[in-house]
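Me: I would like to learn how to read a protein model feature by feature, with the general idea first and the particular case after it. Could we go through one together?

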Amino acid sequence: MANEARKVILLTPQEVGGGMLRIQSCHKVEIYVLAPVGHVSIADCIDCTIIIGATERSVVMKDCSQINLIATCSSLTVWYLLLSRARSLSLSLSLSLSLSL
């Protein structure tokens, strides 16, 4: 999915297919991923809300700003080539941890 603007997008299992999901250059978009995916790549998005139900492996977010991300994943990588874009980032993470007391 690329170059979407001012939309609400629901991705179903048929649309996602359980593989890799790429979200690129979206602006003011709400994305709801209603199916499990293997890996998610989010790049160059601005002012978006992205909700990902289940990710088998990783979510990688690159050069995004003003992102609300809610995701369940085994790893999350956030990086910026332009530090000026790293202003507003909100993350809600579900982590699986083993604790020894």
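Me: Is N3 buried or exposed?

Reply: This is a predicted model, and in it N3 counts as exposed because its relative accessibility is 62%, above the 50% cut-off. The residue is found in the segment before β1.

Me: Which elements does the protein have, and in what order do they run from the N terminus on?

Reply: There are one helix and nine strands, and the order is β-α-β-β-β-β-β-β-β-β. Of the contacts in the protein with a separation of 6 or more, 6% are between residues 24 or more positions apart.

Me: Which element of the protein has the lowest mean pLDDT, and which the highest?

Reply: Where pLDDT is low, the predicted coordinates should not be read in detail. Strand β9, residues 89–94, has the lowest mean among the elements, at 58, while β3 has the highest, at 96. For the protein as a whole the mean pLDDT is 83, and 79% of its residues reach 70 or more.

Me: How many residues does the largest nonpolar core have, and which of them have the most contacts inside it?

Reply: In soluble globular proteins, nonpolar side chains tend to be buried together. Here the largest nonpolar core has 24 residues, and those with the most contacts inside it are I42, I52 and L69. The elements giving two or more residues to this core are β1 (8–11), β2 (20–24), β3, β4, β5, β6 and β7 (65–72). If we take I52 and leave aside its neighbours within four places in sequence, its contacts are V33, V37, V40, V59, L69, I70, A71 and T72. Across the protein, buried residues make up 33% of the 101 residues.

Me: How many salt bridges does the count come to?

Reply: Side chains of opposite charge can pair when their charged atoms come close. The count comes to three salt bridges. One of them joins K28 and D47, with the closest N and O atoms 3.9 Å apart. Since K28 lies in the loop between β2 and β3 whereas D47 is in strand β5, this pair ties together parts that are 19 residues apart in sequence. Both partners count as partly exposed, K28 at 36% relative accessibility and D47 at 32%.

Me: How far apart are the closest N and O atoms where E4 forms a salt bridge with K7, and where R57 forms one with E56?

Reply: For E4 and K7 the closest N and O atoms are 2.6 Å apart, and K7 is partly exposed, with a relative accessible area of 42%. For R57 and E56 the corresponding separation is 3.7 Å; R57 counts as partly exposed at 45% relative accessibility, whereas E56 is exposed, with a relative accessible area of 59%.

Me: Where does T55 lie, and is T55 buried or exposed?

Reply: T55 lies in the loop between β5 and β6, and it counts as buried because its relative accessibility is 8%, under the 20% cut-off. Not counting residues up to four places away in sequence, T55 touches V37, G38, H39, V40, T72, C73 and S74.

Me: Which residues is A54 in contact with, leaving aside its neighbours within four places in sequence?

Reply: A54 is in contact with A35, P36, V37 and T72 when those neighbours are left aside. A54 also lies in the loop between β5 (46–52) and β6 (58–62), but A54 is partly exposed, with a relative accessible area of 33%. The C-alpha atoms of A54 and C73 are separated by 6.4 Å, although the two residues are 19 residues apart along the chain.

Conventions: Residues numbered from 1 in each chain as written. Predicted model: local features only at pLDDT ≥ 70, side-chain atom pairs only at ≥ 80, totals over all residues. Heavy atoms only, no water. Helix = DSSP H or I, 4+ residues; strand = E, 2+ residues; numbered from the N terminus. Buried < 20%, exposed > 50% of the residue type's maximum accessible area, 1.4 Å probe, protein only. Contact = heavy atoms within 4.5 Å. Core = buried A, V, L, I, M, F, W, Y, C linked by side-chain atoms within 4.5 Å. pLDDT = per-residue confidence, 0-100. Salt bridge = Lys/Arg side-chain N within 4 Å of Asp/Glu carboxyl O.
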